[in-house]
Amino acid sequence: MDRWKSRSIQQTLRHSYIIIICLTLVAPMISLAFSWYQTLRYDRMITNVSRTNRLNQIVKSDISNELWDIVAGNKSFDEGQQYGIIRNINMQLDSIMRDTEVRENRQLLEVAGRAMNTLTDYVDRLGNQMRKRFPVTENEAILDEIRGVAELVSDILQDFIVLEIESASRTNESIKQTATLLSLLQIVVVAVVVLFAVFAQRSVSTSINRPIRELEALSNQIAAGNLSARAETPHVEELDNLTENLNIMAVKIKELINANIQEQKNLQKSEMKALQAQITPHFLYNTLDSIIWLAEGREYEQVISVTRSFSNFFRRSLNRGKEWVTVRDEFEHVENYLTIQKIRYRDILDFTIEYDGEMADKSMLKLLLQPLVENALYHGIKNKRGRGMITVRGWREDGKLCFRVEDNGIGLKAERLEEIRRQIDVELDSSMLSDVYGLYNVNKRLALYYDSLTKLDISSVYREGTAVSFRLPERINHV
């Protein structure tokens with residue numbers, strides 16, 4: 001204590017400043033290092049999911065389509081690109097395996113690789129049969145075997161996607177837990193800084209007691225969570241630098257906390273996108289089956305109509321990677337979807353789409369209406385006897401963009417309606433959502449991209465129908 005008192009004020013505060021800076025840098029440095037490491041892991045997992053999903057679609061369609069053209073006589077076996085497709089799949093499997101950390105997940109990819117070797121053997125057998133001019137029925141039998149192996153590979157890749165998403169979820173939970181520990185560490189650091197400032201105060205002369213007390217008050221406010229508090233420069237040479245750096249510390253802590261909150265929101269948005277990607281293949285396969293069915297029936301005009309709607313549907317869905325679209329684009333996306341579905345459900349489905357022309361060029365988050373329409377079709381219209389009607393409307397009201405998806409399907413009983421409202425409004429594991437996943441997904445994205453007050457409003461009468469609506473602000477900053 002005497003050693004501290006024997007120093008000049010400038011000396012005392014210089015040593016205090018160095019110690020305070022070291023303490024305040026410990027938690028941010030640990031936080032930055034951990035965040036950088038975990039973000040790289042999380043990004044690698046999400047990238048693996050995206051790449052595997054694209055590869056899965058190649059396995060499901062490209063190989064079978066190419067070999068069907070060969071068996072059907074549209075091209076010769078030697079002209080076909082089947083081996084190139086197989087090489088591309090194997091290369092991508094090897095690349096994804098190199099980027100996969102979890103041993104169990106890598107083993108799944110190894111199984112997929114062995115299945116691809118089996119598929120290659122079947123392709124070789126098909127080539128030998130065609131060169132020897134085997135009957136078409138025998139070639140088609142081999143083709144069925146190839147399709148079966150392709151389905152097996154696809155199932156393995158789908159299991160890999162699920163495991164990678166689970167790994168990413170565990171990583172996200174680890175990030176949250178560590179963020180809590182780091183926040184506690186920062187509070188401890190601030191408390192230590194406060195105690196040290198009080199200790200340093202006793203070593204200075206009474207002529208600077210007032211500036212020292214002001215700095216102590218600032219430290220206490222920061223420790224209490226008021227990161228907007230600032231201290232005025234005392235115009236004391238020995239204290240000016242300390243006061244300035246305490247103010248900077250408060251700004252930095254606030255920036256780090258805000259950055260951490262934004263990072264958590266971005267991780268949640270990425271997880272939602274990964275979950276959305278699981279829905280796409282089912283709709284894709286059904287639509288392609290419908291196109292094949294129409295083509296076989298020589299209904300060429302409908303083939304053109306469905307294919308055009310299908311192309312526009314995915315163009316709107318992708319939107320060049322942008323999350324925001326105009327209201328006009330969102331309604332055209334729904335119209336393309338319903339046009340495609342009406343081919344498959346022509347005996348039970350009618351629809352109408354109408355919206356206020358003045359809202360056409362307003363901006364909104366994409367893919368909000370289509371999941372609601374899909375839910376109305378599969379859980380409302382399909383469960384009703386006879387034809388059903390889906391009505392999609394948009395209008396402006398009190399400075400808001402209003403949307404409503406209504407069906408005259410089977411409807412919901414009161415207890416089931418209350419259960420659905422509860423399920424989509426709380427945090428649940430996706431495996432527990434079953435048939436309300438589409439509603440949950442839209443409700444979650446409304447909260448993430450707008451605010452917690454923007455949510456779905458669901459009303460229903462059993463055996464009469466269901467209506468789902470929501471309201472959006474006309475102006476919003478895209479985050």
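Predicted model: local features only at pLDDT ≥ 70, side-chain atom pairs only at ≥ 80, totals over all residues.
1. The open sheet has 5 strands in the order E2-E4-E5-E7-E6, and its pairing is mixed. Strands E2 (349-355) and E6 (457-461) are at the edges with a single partner strand each, so one side of each has no neighbour in the sheet. On average, neighbouring strands are turned by 10° against each other, direction ignored.

2. Within this sheet, E4 (residues 388-397) and E5 (residues 400-407) are antiparallel and share 8 bridges. Arg393 has Arg404 in E5 as its bridge partner. Arg393 also lies over the face of Trp395, 4.5 Å from the ring centre.

3. Helix H10 (residues 327-344) lies across E2, E4 and E5 and runs at about 170° to E2.

4. Ser64 belongs to helix H2 (residues 9-71). Its relative accessibility is 9%, under the 20% limit, so Ser64 counts as buried. Leaving aside residues up to four places away in sequence, Ser64 touches Leu143 and Arg147.

5. The whole structure contains 7 aromatic pairs. One of them, Phe77 with Tyr83, is edge-to-face, at 6.0 Å centre to centre and 80° between the planes. Phe77 counts as buried at 7% relative accessibility, while Tyr83, at 29%, counts as partly exposed.

6. Trp324 and Tyr449 have ring centres 6.2 Å apart and planes at 80°, so this pair is edge-to-face. Trp324 is in strand E1 (residues 324-326) and Tyr449 in helix H13 (residues 437-449), so the pair ties together parts 125 residues apart in sequence. Both Trp324 and Tyr449 are buried.

7. Phe331, Tyr355, Phe403 and Phe470 are linked into a cluster by ring pairs.

Technical notes:
Residues numbered from 1 in each chain as written. Heavy atoms only, no water. Pairing = 2+ DSSP bridges. Helix = DSSP H or I, 4+ residues; strand = E, 2+ residues; numbered from the N terminus. Axes fitted to C-alpha atoms, helices over the stretch in contact; angles between N-to-C directions. Contact = heavy atoms within 4.5 Å. Buried < 20%, exposed > 50% of the residue type's maximum accessible area, 1.4 Å probe, protein only. Phe/Tyr/Trp six-rings, centres within 6.5 Å; stacked < 30°, edge-to-face > 60°. Lys NZ or Arg CZ within 6 Å of the ring centre and 35° of its normal.
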